[in-house]
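Please consult the sequence and the model while reading.

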Amino acid sequence: MRTAHFSTLIVAFAALMTSLPAFGWGEKGHNAIAHIAQNHLTRRAQREVTRLLEGHNMAYWSSWADGLREDNRYDFISTWHYANADEGHTYATADKNPEGDVYTAVELCVEKLREKGLSDSLRSLHLKLLIHFVGDMHCPMHAGHASDRGGNGYAVNFRGRKTNLHSLWDSQFVDAAHAWSATEWAENVDVKLGRDARREIEAGTPLDWMEQTVVVSHSLYAGTPQNVSLSWDYINKYAPLVEEKFMEGGYRLAKLLNEIFSR
Ligand code: ADE
Ligand code: ZN
Ligand code: ZN
């Protein structure tokens, strides 16, 4: 009886895990980006961020927005974690989701945080959302095709296991690229950049950053065959891409916050 009961639970759990839509980088990716951003805040921004986050750092709150999908009051932000651009499209030419997407979410949060006279509770809410959505904006399959729900419907075989392109890039690939904790990711990837390299990463607007992720997403469809077990050569080829997206997400989040809290 006990074993039958246990196996029922396992089946139910497995069904749940495969049916849940993937909502962003796994926690590790969001945490790594938040740690990198935290390390590059100006003193002034750091003071304001710490105050609004009730004494915690940005990593503490970086995945909080993913939990909101369990709260009906936040159903209206369920599409804000991603944008879609089908083959042959940029973000600019793609059909837009009328409910909003990750680009409109980032712009809205920035606009709210810039608003004079906004209450602290709303400033805190929009800061927590911005930390998360800048992360999602740098998550390659959060700019995938609409036709397969951002790669959720694109089956791949990674190291002998069946998965899909979206889930692979949210988390499994991150862990395969380096077996690091989030703080190790931040420490090992965030090497000291010269001024020019930093400027290059920080250049552009959230719209440019969105378009860059669309380009990366298109390249991953082209570079990820469907019926091959992907292994070390795939990992070697793409590990630097994860490092780059974490760095970009972290530096760009810091840039936005330094600018918002400079006044
Ligand atoms: N998660 C759920 N639906 C998605 C989509 N269409 N694109 C990216 N991520 C998603
Ligand atoms: Zn996801
Ligand atoms: Zn998300």
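**Helix α11 and selected sites**

Q: Which residues of α11 are buried?
A: Helices here are DSSP runs of H or I with at least four residues, strands are runs of E with at least two, and both are numbered from the N terminus. Buried means under 20% relative accessible area, exposed means over 50%, and partly exposed lies in between, with a 1.4 Å probe and protein chains only. In α11 the buried residues are Pro206, Trp209, Met210, Glu211, Thr213, Val214, Val216, Ser217, His218, Leu220, Tyr221 and Gly223.

Q: On what basis do these values rest?
A: Residues are numbered from 1 along each chain as its sequence is written, while chains are lettered from A and ligands numbered from 1 in the order in which they are written. Side-chain values use heavy atoms, leaving out hydrogens and water, and local features need pLDDT of at least 70, side-chain atom pairs count only at pLDDT 80 or more, and totals for chains, interfaces and linings use all residues, since this is a predicted model.

Q: Which helices are included in what covers the buried residues of α11?
A: Contact means heavy atoms within 4.5 Å. By that criterion, the cover of the buried residues of α11 includes α6 (102-114), α7 (120-137), α8 (165-177), α10 (195-202) and α12 (232-260).

Q: How far apart are the end C-alpha atoms of helix α11?
A: The expected span of a helix is 1.5 Å times one less than its number of residues. Helix α11 (residues 206-223) has 18 residues, so it should span 26 Å; in agreement with this, its end C-alpha atoms are apart by 25 Å.

Q: Is Arg123 buried or exposed?
A: Arg123 belongs to helix α7. Beyond its neighbours within four places in sequence, Arg123 contacts Glu48, Leu52, Leu113, Glu115, Leu118 and Phe261. Its relative accessible area is 14%, so Arg123 is classed as buried.

Q: What are the contacts of Gly151, and how accessible is Gly151?
A: Gly151 sits in the loop between α7 and β1. Not counting residues up to four places away in sequence, Gly151 touches Met141, His145, Asn164, Leu165, His166 and Tyr221. Gly151 is buried, because its relative accessible area is 0%.

Q: What is the phi of Arg159?
A: Most residues other than glycine have a negative phi. Arg159 is found in the loop between β1 (155-158) and β2 (161-164), and it counts as exposed at 51% relative accessibility. Arg159 is a residue other than glycine with a positive phi, near 50°.

Q: Where is Glu54 found?
A: Glu54, a residue other than glycine, also has a positive phi, near 55°. Glu54 counts as exposed because its relative accessibility is 53%. Its place is the loop between α3 (43-52) and α4 (58-61).

Q: Which residues are the closest to ligand 1?
A: A residue is near a molecule if one of its heavy atoms lies within 4 Å of it. On that basis 8 residues surround ligand 1, the closest being Tyr82, Asn84, Arg149, Gly150 and His166.

Q: How far is a nitrogen atom of ligand 1 from an N or O atom in the side chain of Asn84?
A: A backbone N or O atom of Gly150 is 3.5 Å from a nitrogen atom of ligand 1. For an N or O atom in the side chain of Asn84, the distance to a nitrogen atom of ligand 1 is 2.9 Å.

How values were computed:
A polar contact is a pair of N or O atoms within 3.5 Å; within protein, one must be able to donate a hydrogen and the other to accept it, and residues adjacent in sequence count only if both atoms are side-chain atoms.
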